[in-house]
Amino acid sequence: QGREGAIVNIGDARTNRPGAGHFAYRLSKAALEAMTKNLAHELAPRIRVLMVAPGAILPAPSEPPERLEEIAKTRVPLRRHGSAATVAGHVVHLLRDPFLTGVVLPVDGGEWL
């Protein structure tokens, strides 16, 4: 009672551009994004709800690390991939700023512009 808090969901930048493959995964991440925005309204002003939406950060479990380099060089405008530390830094930023709620922050090097 009387305390404030924040929730940071981890989404996926690919929900901005629907495509073939991984239907259930993409659908669940799109639902998580919608939930983030709706809960930001429902839980304000006591609880802030935010989302980080990573892009090219980690290789898929079934793919070699070189595949991530290839994706970064061909699809990401900054021509490099991010890291888990990049994502964590943005989570911390969202948690520290008390004026943010309902934000979905793409961390994708511009891949899904």
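**Figure 1. The largest nonpolar core of this predicted model has seven residues.** Leu50, Val52, Ile57, Val87, Val91, Leu94 and Val107 make up this core; by nonpolar core we mean buried Ala, Val, Leu, Ile, Met, Phe, Trp, Tyr and Cys residues joined through side-chain atoms within 4.5 Å. Buried is under 20% relative accessible area, exposed is over 50%, and partly exposed is in between (1.4 Å probe, protein chains only). Strand 2 (47-54) and helix 3 (84-96) each put in at least two residues, and helix 3 gives the largest share, with three. Helices (H or I, at least four residues) and strands (E, at least two) are DSSP runs, numbered from the N terminus.

**Figure 2. A closer look at Leu50, one of the core residues.** Leaving aside residues up to four places away in sequence, Leu50 touches Ile7, Val8, Asn9, Thr36, Leu94, Leu100, Thr101, Gly102 and Val103. A contact here is heavy atoms within 4.5 Å. Leu94, on that list of neighbours, also belongs to the core.

**Figure 3. Helix 1 (residues 23-43) and what its buried side packs on.** Arg26, Lys29, Leu32, Glu33, Thr36 and Ala40 are the buried residues in helix 1. Strand 1 (5-10), strand 2 and strand 3 (104-107) are what they pack against. The expected span is 1.5 Å times one less than the number of residues.

**Figure 4. Ile47, a partly exposed residue of strand 2.** Ile47 has a relative accessible area of 22%, so it counts as partly exposed. Gly5, Ala6, Ile7 and Thr101 touch Ile47, again not counting residues up to four places away in sequence. Leu100 is 53 residues from Ile47 along the chain, with 11 Å between their C-alpha atoms.

Figure 5. In sequence order, the pattern reads β-α-β-α-α-β. The C-alpha atoms fill a box of roughly 50 × 25 × 25 Å along the principal axes. Of the 113 residues, 27% are buried. Among contacts with a separation of 6 or more, 68% are between residues 24 or more positions apart.

**Notes for all views.** Residues are numbered from 1 along each chain as its sequence is written, and side-chain values use heavy atoms, with hydrogens and water left out. Because the model is predicted, local features need pLDDT of at least 70 and side-chain atom pairs count only at pLDDT 80 or more, while totals for chains, interfaces and linings use all residues.
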